[in-house]
Amino acid sequence: MDGNRAGRPMAEGAFNTERIVRLAALVVLVIACVQVVFPFVGALTWAGIIAISVWPAFLWLSGRLGHRPVLAAVACTVALTVLLVMPFAWMAASLGQAVPEVAKLVGDLAGRSLPAPPAWIAAIPAVGPIIDEAWRSASTDMPSVIKSLAPGAEKAGVWALSQGAGIALAVLEFLFAIIISGVLLVTADRAYVFAERIVVRLNIGGGGKLLDTVVRTIRSVSIGIVGSAAIQSLVATAGYVVAGVPGVALLGFLTFLVALVQLPTLIVWLPAALWLYVDDQTAAAIGLGVYGGLIINYVDNLVRPWIISRGAKLPFALIFIGVIGGLLAWGMIGLFIGPTFLAVAYTLVLTWLGEAAEAAKVSPPPE
């Protein structure tokens with residue numbers, strides 16, 4: 001009996017030591033894998049978002065091509081390269097040239113005088129009084145206004161140049177993500193089964209329902225928010241090009257950012273039209289103003305609500321934090337994956353709260 005008592009601590013000690021060694025080996029393996037994959041996390045995440053978003057189009061195209069998934073995936077990859085990579089590549093190439101050009105125009109503006117603002121400017125909702133006050137200050141003392149804006153403009157120029165390099169890197173990430181998304185489209189069935197097994201293994205209730213919720217949320221955000229912002233920026237950029245506004249790439253990028261955070265694009269194209277007016281390009285200024293009021297605002301006020309109504313209804317603060325936080329965390333590619341992450345988390349929390357309320361037999365929280 002004493003021998004058995006003496007042997008038990010040794011056996012338990014050996015068991016604990018073996019478990020600790022296994023755990024340590026597992027931790028080392030996980031850390032090594034994370035270090036290897038970490039540089040590609042953003043691109044891989046974006047690849048998954050792209051694959052989920054274009055899946056319905058991929059199925060339709062595959063059927064049209066005689067149920068050839070590889071050929072359909074190649075076609076989707078080419079189309080996504082044209083739609084995503086080429087505009088950002090053009091933006092990266094043009095941004096470095098736009099900053100000095102805009103700086104020169106700002107310097108020339110210091111020697112000009114502005115007329116009094118039209119009466120209709122102050123009547124614009126929300127931003128009208130602000131624009132009217134700034135215009136009146138500039139019309140009375142333009143050099144002082146330019147001097148007060150110079151430090152901020154210099155910092156903005158440095159930031160824009162650094163973002164040009166970031167956009168160049170984002171172009172490579174986009175290209176890598178699109179190629180991976182093509183592979184994911186072909187292997188989507190196996191990937192879904194693999195994800196479902198992980199959810200089941202983690203003992204998360206309603207695995208299939210959970211995955212369906214995540215897929216619907218990702219698709220609605222990418223199409224409803226990112227898609228509508230892309231449409232607005234493309235429509236606005238076409239107007240900038242026709243009107244001959246300097247720094248088209250910079251203005252197009254700012255329009256995309258403003259639209260992405262659900263703000264009216266008026267705060268970008270209206271100052272551009274005013275710039276043309278001050279630069280004695282009255283016809284171009286009127287044309288851009290009319291185009292902005294009739295076409296760009298049409299996209300703002302009609303197309304965007306229609307697209308977003310078909311997807312997730314997310315709070316403005318959530319989208320804003322997702323866009324800005326994603327940009328700071330992952331660079332340019334974070335503009336897309338930041339709001340998507342927050343949207344998925346927000347939807348899952350609401351789903352969980354609704355299930356919890358149903359289990360407790362109380363009314364679910366309003367969405």
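Predicted model: local features only at pLDDT ≥ 70, side-chain atom pairs only at ≥ 80, totals over all residues.

Biologist: Got it. What percentage of the residues in the chain is buried?

Modeller: Buried residues account for 37% of the 367 residues.

Biologist: Let's go inside, then. Which residues touch the most other members in the largest nonpolar core?

Modeller: That core has 47 residues, and the ones touching the most other members are W46, I50, F174, L260, L335 and F336.

Biologist: And which elements give two or more residues to this core?

Modeller: Those are helix 2 (41-64), helix 3 (69-109), helix 6 (142-186), helix 8 (207-243), helix 9 (248-260), helix 12 (316-330) and helix 13 (334-359). There's also a second, separate core of 23 residues, with V248, L266, L270 and L276 among them.

Biologist: Back to W46. What does W46 touch, not counting residues up to four places away in sequence?

Modeller: With those left out, W46 touches L84, F174, A177, I333, F336 and I337.

Biologist: How far apart are I337 and T45 in sequence and in space?

Modeller: They're 292 residues apart in sequence, and their C-alpha atoms are 7.2 Å apart in space.

Biologist: Let's move to helix 8. What does V226 contact there, leaving aside its neighbours within four places in sequence?

Modeller: V226 lies in helix 8, and with those neighbours set aside V226 is in contact with V221, F256, L260 and F336. V226 counts as buried at 10% relative accessibility.

Biologist: What about T237?

Modeller: T237 is in helix 8 too. T237 counts as buried, since its relative accessibility is 14% and the cut-off is under 20%. A polar atom of the T237 side chain lies 2.6 Å from the backbone oxygen of S233. Leaving aside neighbours within four places in sequence, T237 is in contact with W90, V248 and G252.

Biologist: Changing topic to packing. At what angle do helix 9 and helix 10 pack?

Modeller: Helix 9 and helix 10 (residues 266-278) pack at about 150°, and their axes are 8 Å apart. That angle makes helix 9 roughly antiparallel to helix 10, because anything over 145 degrees counts that way.

Biologist: Which residues make the contact?

Modeller: From helix 9 it's L251, L254, T255 and V258, and from helix 10 it's I267, V268 and A272. By type, the residues of this contact are six nonpolar, one polar and no charged.

Biologist: Now for the loop between helix 2 and helix 3. What is the phi of H67?

Modeller: H67 sits in that loop, and its phi is positive, about 55°, although H67 is not a glycine. For context, most residues other than glycine have a negative phi.

Biologist: Is H67 buried or exposed?

Modeller: H67 is exposed, because its relative accessibility is 65% and exposed means over 50%.

Biologist: And P69, what does it contact, leaving aside its neighbours within four places in sequence?

Modeller: P69 is found in helix 3, and with those neighbours aside P69 is in contact with F58, S62 and V186. P69 counts as partly exposed at 36% relative accessibility.

Biologist: How far apart are the C-alpha atoms of P69 and F58?

Modeller: They're separated by 7.9 Å, and the two residues are eleven apart along the chain.

Biologist: Great, thanks for the tour!

Conventions
Residues numbered from 1 in each chain as written. Heavy atoms only, no water. Core = buried A, V, L, I, M, F, W, Y, C linked by side-chain atoms within 4.5 Å. Buried < 20%, exposed > 50% of the residue type's maximum accessible area, 1.4 Å probe, protein only. Helix = DSSP H or I, 4+ residues; strand = E, 2+ residues; numbered from the N terminus. Contact = heavy atoms within 4.5 Å. Axes fitted to C-alpha atoms, helices over the stretch in contact; angles between N-to-C directions. Parallel < 35°, antiparallel > 145°, perpendicular 65-115°, else oblique. Nonpolar A, V, L, I, M, F, W, Y, C, P; charged D, E, K, R; others polar. Polar contact = N/O pair within 3.5 Å; in protein donor to acceptor, adjacent residues only side chain to side chain.
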